[in-house]
Amino acid sequence: MNVRLPFLREKTAKLTTSPGVYIMKNKSGEIIYIGKAKNLKNRVTSYFRESADHTPKVASMVSNVYDYNFIVTDSEYEALVLECSLIKQHQPKYNILLKDDKGYSYICISNEPYPRITAEKNKDKPGQYLGPYMSGNVPRETIAEVNRVFRLPTCHKKFPDDFRKGRPCLNYHINLCSGICRGKINQKEYSETIGQAIEYIKGGSENSARRMEKEMEKAAENLDFERAAILRDRIHAIRKAGETQKILDSDVEEADVIASAENGGKQCVSVLIYRSRRLFDKQTFFFSEEEYDSSQLLESFIEQYYHGRRDIPKNIYVDSELPDSEMLEKWLTNLSCIKVHIHKPLRGSLVRFIELSKNNAAEELALRAGRTAKEVKALETLGSLLGLKSAPLYIEAYDISNLSSSSIVAGMIVFENGRPLKKAYKRFSFPEKNNPDDYACMQETLRRRLTHLIKKDGDEGFLRKPDLILLDGGTGHVNAVKPILKEFNLDIPVFGMVKDNKHRTRAIAAEGNEISVSKHRNAFNLLTQIQDEVHRFAISYMRSRHKKASYELELTSVHGIGIKKAQKLMIYYKTKENMKRADAQELAKIAGVNIEIGKELYETIQNI
């Protein structure tokens, strides 16, 4: 606990209610957090009030606050501008920070008689440079495409010095190079080709193709059919490249497409940068901000990402509604001197670009987490559908199975990070239940399981609190177990899995309503997998119990062997095979009977 809290509360009681920025400092005077507020007194008071329900990160920050300063502004908008500037300047420990340790990449057009177009990490070589690009993949992929479309040389020969020295390489013979080394293409023709390639990089394939079509028509009118044929083939190559890459779209001219993905308390924000109707670059940023939902994360990200920049597009598309989007638009408009719109697409082709950005973020996270992007996205989608604060990484699912009143059992399975965690599976039996009551059995199962969690006894599978509990059943099952959670004072989301007529999960049962999942394929597949697995686990346990119960009944057919002695034998030998290998004397000793009953027991066991 922070011993300075009484002082901080007293100071805050006198604080102004005006908008502004507050600056938290530790004992050494180091700035550890900077925030903005519409009402400084209300916002700062929320940190220091008694019995405050803070997230772990905020609680840690508050415990280190020794004092704070504040700066009053005329409006919340001015507070936003000042907050961005101060965070950028001081990089406080507890703020969301944009740390980018990647270097820039460039496209270089070399300064020589027959220029080469290459991807470079710096500007050491003499020549013309395009960029910078934050992602090294974009320049490399662009260069590969340009060399293929315009059939530019990629060998190490120097021209014109190496004209006609040796045979053309394989690229020439497979039509990937125009064969500059043969010395049949003069410097002027080659320069025109390089100019077209540069225009293609800058303006996109559609602009280049349209301009070349005009040149082709002009060449044909002048009866220069050889040049017209070259331009025709080049136009065809450009159009084919544009189709395969899917980087052009009439709906995205100048825009940044921003989306996030979350897994295991880690978030990734992906920015797809479109310029001149072309995917120009991609950037990814990683965070560990468990207490922020996607809209809060994106809002803080946008503030820091665009602060101090001038290359802000007129459209910014995001995957979450931002609480202060109007104020952010005003701020970005003032920064860029153009009208900036922040928009969450709900339908149409723009949704595909949001999905593309989100998939990129999920793939980057999956790469770091050792999971597939589908698993990451399925958990995130499920969390969003159920209204959870974050993706449910540790899920427990329960199912009741019964064949008769003597074989009522429950199965508990666990999915961690979207995959079965079989070592945490549990089985529950109800030998005292005479009537098969699913609701009562589900209540008892949850009570027994949560007792281990509260008392902190049992193995690791019982000691971990789940992020989500799923029940194989509808609203009735959910309503049945809610009082159990309340009894233990546990806040764990509980939902039911409702099947369709093909035994697939068609919806999630909440209190009083159902949430459809069929349109969300990733989440639908995950839930179906969970429901199938918990059903398989519970029914296999029920069958094994039923077989065991039947075997016990056959043992009681021996005079002098009752249910308790039969159970004693089953517990000791565990399997029918082990029991068959025992002789009459050993069986009599274990059951606690005389040798005559032991012999009869041996004969019965051998004939079962």
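L170 lies in helix α6. Helices here are DSSP runs of H or I with at least four residues, strands are runs of E with at least two, and both are numbered from the N terminus. With a relative accessible area of 61%, L170 counts as exposed. For that word the cut-off is over 50%, while buried means under 20% and partly exposed is in between, using a 1.4 Å probe and protein chains only.

Before going on, a word on the source. This is a predicted model, where local features need pLDDT of at least 70 and side-chain atom pairs count only at pLDDT 80 or more, while totals for chains, interfaces and linings use all residues. Residues are numbered from 1 along each chain as its sequence is written, and side-chain values use heavy atoms, with hydrogens and water left out.

Back to L170. Together with I174 and L176, L170 forms a nonpolar patch on the surface, with about 280 Å² of accessible area. Patch residues have over 30% relative accessible area and no salt bridge; like charges are joined within 9 Å, and nonpolar side chains (Val, Leu, Ile, Met, Phe, Trp, Tyr) within 5 Å. The areas come from the Shrake-Rupley method with a 1.4 Å probe, and for residues only the protein chains shown count as cover.

Next, the loop between α5 (137-149) and α6 (170-173), where P160 is found. The peptide bond from F159 to P160 is cis, with omega near 10°. R151 is also placed in the loop between α5 and α6, and its phi is near 55°, a positive value in a residue other than glycine. Most residues other than glycine have a negative phi, and most peptide bonds are trans. R151 is partly exposed at 29% relative accessibility.

Now salt bridges. How many does the structure hold? There are 14 salt bridges, each defined as a side-chain nitrogen of Lys or Arg within 4 Å of a carboxyl oxygen of Asp or Glu.

One of them joins the side chains of K11 and D67, at 2.8 Å from N to O. This pair links distant parts of the chain, with K11 in helix α1 (residues 5-13) and D67 in strand β3 (residues 67-72), 56 residues apart. K11 is partly exposed at 26%, and D67 is partly exposed at 24%.

Another joins K36 and E303, at 3.3 Å from N to O. Here K36 is in strand β2 (residues 31-37) and E303 is in helix α10 (residues 294-306), 267 residues apart. Are K36 and E303 buried or exposed? Both are buried.

In R448 and E444, the closest N and O atoms of the salt bridge are 3.1 Å apart. The two residues are four apart in helix α14 (residues 438-455), so about one helical turn separates them. R448 is partly exposed at 30%, whereas E444 is buried at 17%.

Last, helix α21 (residues 595-607). Its 13 residues reach 19 Å from first C-alpha to last, close to the 18 Å expected at 1.5 Å a residue; the expected span is 1.5 Å times one less than the number of residues. I597, G598, L601 and I605 are buried in α21. Why are they on the same side of α21? Because they cover an arc of only 100° around the axis, taken from the directions from the helix axis to the C-beta atoms. On the other side of α21, E596 and N607 are exposed.
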